[in-house]
Amino acid sequence: MRKIYLSLFLTIPFFVQAESFGDAELGKIKSPSCVFCHGTTGKAANPSYPNLNGQNAQYLYQSMLDYQQGKRTTSMAQMMAAQLRQLNDQDLRDIAAFYAQQQ
């Protein structure tokens, strides 16, 4: 019986966090500039750009935040920072949720 409760305890927070992380529908609307490099569903046509589809939402969010804050310094960092400059925290969460849901 304790194993059942422990299993429920460990899985419930994950689902609650995934649901409340961001609004994927709004993320789709907020990501028009992303599609030029990452594709409409997060699958990049150019192998130089990373695929975003199916990635962990928290990872995507943190990556975008790091670009905004200048913590990432890859060759594309300035371009990414410029693309993300006008987006607020909730925008980043919504976009991350959208791409995380893509297959």
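## Helix packing, aromatic pairs and buried residues

In this predicted model, Ala-57, Leu-60, Tyr-61, Met-64, Leu-65 and Gln-68 of helix 4 are in contact with Asp-89, Leu-92, Arg-93, Ile-95, Ala-96, Ala-97, Tyr-99 and Ala-100 of helix 6, where contact means heavy atoms within 4.5 Å. The residues of this contact comprise eleven nonpolar, one polar and two charged, with Ala, Val, Leu, Ile, Met, Phe, Trp, Tyr, Cys and Pro counted as nonpolar, Asp, Glu, Lys and Arg as charged, and the others, Gly among them, as polar. Residues are numbered from 1 along each chain as its sequence is written, and side-chain values use heavy atoms, with hydrogens and water left out. Because the model is predicted, local features need pLDDT of at least 70 and side-chain atom pairs count only at pLDDT 80 or more, whereas totals for chains, interfaces and linings use all residues.

Helix 4 (residues 57-68) and helix 6 (residues 89-101) pack at an angle of about 140 degrees, and their axes are 8 Å apart; helices here are DSSP runs of H or I with at least four residues, numbered from the N terminus. The two helices, helix 4 and helix 6, are therefore oblique to each other, the class left over when angles under 35 degrees count as roughly parallel, over 145 as roughly antiparallel and 65 to 115 as roughly perpendicular. The crossing of helix 4 and helix 6 is right-handed.

Two aromatic pairs are counted, a pair being rings of Phe, Tyr and Trp (its six-membered ring) with centres within 6.5 Å, and planes under 30 degrees apart counting as stacked, over 60 as edge-to-face and the rest as tilted.

| Aromatic pair | Centre to centre | Angle between planes | Class |
|---|---|---|---|
| Phe-21 and Tyr-61 | 5.8 Å | 85 degrees | edge-to-face |
| Phe-98 and Tyr-99 | 4.8 Å | 65 degrees | edge-to-face |

Since Phe-21 lies in helix 1 (residues 2-21) and Tyr-61 in helix 4, their pair ties together parts that are 40 residues apart in sequence. Both Phe-21 and Tyr-61 are buried, that is, under 20% relative accessible area, with exposed meaning over 50% and partly exposed in between (1.4 Å probe, protein chains only). In the other pair, Phe-98 is buried at 5% relative accessibility, and Tyr-99 is buried at 1%.

Asp-91 is found in helix 6 and counts as buried at 12% relative accessibility; leaving aside neighbours within four places in sequence, Asp-91 is in contact with Lys-30 and Gln-86. His-38, in helix 3 (residues 35-38), is buried with a relative accessible area of 9%.

Conventions
Axes are lines fitted to C-alpha atoms, for helices over the stretch in contact, and angles run from 0 to 180 degrees between N-to-C directions. A crossing is left-handed if the near helix is turned anticlockwise from the far one by less than a right angle, and right-handed if clockwise.
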